[in-house]
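Student: Could you walk me through some of the strand and helix arrangements in this one?
Tutor: Gladly; let us take them one at a time.

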Amino acid sequence: MDAAENPVKFTGIKISRPKTRAAGMPAVVSSMQHILEEMNVFRGMKALLKLNQKSGFDCPGCAWPDPDDERSPIAEYCENGAKAIAEEATTKRLTGDFFAQNSVKDLGELTDYEIGKKGRIAEPVYLAPGATHYTPISWEEAYRLIASQLKGLRSPDEAIFYTSGRTSNEAAFLYQLMVREFGTNNLPDCSNMCHESSGVALSAAVGIGKGSVTLEDVHEAEVIMIMGQNPGTNHPRMLTALQKAKNNGAFIISVNPLPETGLISFLNPQTVRGLLNIPTPLTDLFLQVRINGDLALLKALAILLLEEETKKPGTVFDHDFISNNTKGYVEYIEHLRSLNPDELVKICGVPLHQLKEAARALAGKKKIITCWAMGLTQHKNAVDTIREVVNILLLKGSIGIKGAGVCPVRGHSNVQGDRTMGIYEKPSAVFLDKLDTVFKIRSPRRHGYDTVEAIRAMHEGKAKVFMAMGGNFLSATPDTNYTAQALRNCDLTVHVSTKLNRSHLVHGRSALILPCLGRSDRDIVNGEEQFVSCENSMGVVQSSKGNLHPISSHLKSEPVIICELAMTLFGNNSPIPWNSYRQHYDYIREAIAQVIPGFEDYNKKVRRPGGFYLPNGAREGRFNTYSGKANFNIAGVSYSAIGENEYLMMTIRSHDQFNTTIYGLNDRYRGVYSERRVIFMNKEDVKANGFKGGEIVDLFNFQDGVTRVAEGFIVIPYDIPVGCTATYFPETNVLVPVNSVADQSNTPVSKSVIIQIRRSAVKQQ
């Protein structure tokens, strides 16, 4: 096993029946336990009382929007939001003494959970070529080292600048500006690995790569279809919105290979009913689709809707909307008529009578919202699947009206804002021209590397310097051992981080860790408190101001780090006023207002309680596509075919996890405790292999003639379709081939990995 991987360490697994109710008092208790493990009560409550408040700071977790109007003054956050604050606001500190006592090799033998629990990085540290330990370094010396490496490159394109979704609007704008002044568009980001498929699909279909709905639309919807998403763990505050929709009469359809507790029923801990253990049932119809059967399922639904429209013309499809606002309808209907419905039912694995029930729910309603997450975006046919979602909404006229539209639910808190700010490897000429006009620079026009391309470039020696603004690049990306070697091939790796993670331990010939302020930290520059801003999943931009005393005087904010690095890199030769941007963030926002549409009067609008909405053509019924209309899409029915003794594996999160951050070792809703190295299998598959629940197996992928193995996983019989399996990431990212990507978006195919399963020599301790 490579040091880049999580070591096999069994901790005594406990299994119980999956829960049937999400949240409630267990969520409250869990939240407080995590807070108290990391800090005292006063610090914890001080942070939580400002979390997601209009005068407070944005949650460093997911991007689910806050209510526009009233917010709970006590708890405008969820269990996983509290866990995120516990991680970020911990009082555990990693100083030079810690790194002197712990070699990189020794730290690499810890699990990701153990690494993350060590604490906040309290000062900049440097790993010299051939060194075994990180040692303290001054900020000035760190900047000089980075600048020297960058200036020594043969081409700016030999540097890669990655961005995490935690990065604020202000920091993201400065980061891309520095990178483009330097001369490259190598700006891969975490969006490349999650909702890139959504952006590509929606841009082509409706003219904007974002969702079209607001939180109020969710409350007003008549039908909500939730596909490939687990809100109870990944976006828990969404459950409150679904509860409101349900109370208003909405019919909720859940489409997923796994039954997820958060979509079964919800105990709202902020209501009397929730505290009395009286749940709100959420899902009316659960369609248990096979892994990557979503495209076939959607086409089957479209055919059933077409059959009803044919029987009763004008009662199912909105022909006025179709005629006035869409292109490609006739061709799309011809395509539907050419398909074999029985074959679609077989591929998706959902019984016909359930599909008919879903079609009936859709047929008579117009206020329809479809939500989705990684369960749709991380397949080879992801873009076509998402465009099929849009096809159905276009048939119904369910875009651009209240209570209806598309809702890709973003993962990290400002991943959407980072893209808005220009973090993109394929920027438009219009955007680059504006940068050049405002800042008197010459931006590069050649497209840069996305995340997968960046990994290949480092692996092939085409890139020599890697810098990450936040994130845990190694643990987030596919093909762990391949990616680890790519990072090791670099001359320098730089990570701007709050906490230690595995990416710091799999490094280039030299490495830097630069500690930054978190969302919850007070940010004071020249004696004045600063704030930053974020964009949520529904296009609202709002301020974020931390209120906790930083755990170290050596921490700097991301905007300040970028400005000071740029000043060192460019010296007096830059036409950009980097020193001014460092002095006060209002100057940054004034610059953003000159470049990014929708940010006019930024400093004024962002100070409004609750922030402001960005323009959204699709929400307003305007479709800024090549045709000037919303476009139907025709795609063949593709799916992941598997051979004998093969299974489809999807990577998922546990409940004690957000992205690559492991809060704990429990997955309470699925009934798994004290262990992460598990594989969920259909009980018939377990039996057919001669396995037993609790047996230890190894997992293999053989794509492209490469043997990839993840050792030591405990078999758990579970309610999942035959031939399908699920495992937690990042433990099984080692099995995701770097060359297995979605068509058009180049997103790693982490949700349909073909594996073989064999008995293991590893023994459970």
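Student: Which strands form the open sheet with mixed pairing, and in what order?
Tutor: Three strands do, in the order β2-β10-β11, with strands taken as DSSP runs of E of at least two residues, helices as runs of H or I of at least four, both numbered from the N terminus, and two strands pairing if DSSP finds at least two bridges between them. The edge strands, each of which pairs on one side only, are β2 (22–23) and β11 (280–281). This is a predicted model, in which local features need pLDDT of at least 70 and side-chain atom pairs count only at pLDDT 80 or more, whereas totals for chains, interfaces and linings use all residues. Residues are numbered from 1 along each chain as its sequence is written, and side-chain values use heavy atoms, with hydrogens and water left out.

Student: In what sense do β10 and β11 pair?
Tutor: Strand β10 (residues 265–267) pairs with β11 in the antiparallel sense over two bridges, and serine 265 stands opposite proline 281 of β11.

Student: Switching to β14, is that strand buried or exposed?
Tutor: Five of the five residues of β14 (residues 368–372) are buried, so the strand is largely enclosed by the rest of the structure; buried means under 20% relative accessible area, exposed over 50% and partly exposed in between, with a 1.4 Å probe and protein chains only. Ile368, Thr370 and Trp372 point one way, and Ile369 and Cys371 point the other way.

Student: Now helices: at what angle do α17 and α21 cross?
Tutor: The axes of α17 (residues 329–337) and α21 (residues 382–396) come within 12 Å and cross at roughly 115 degrees, where axes are lines fitted to C-alpha atoms, for helices over the stretch in contact, and angles run from 0 to 180 degrees between N-to-C directions. The two helices are therefore roughly perpendicular to each other, a class that covers 65 to 115 degrees, while under 35 counts as roughly parallel, over 145 as roughly antiparallel and the rest as oblique.

Student: Which residues meet there?
Tutor: Tyr329, Tyr332 and Ile333 in α17 meet Glu388, Asn391 and Leu395 in α21, contact meaning heavy atoms within 4.5 Å.
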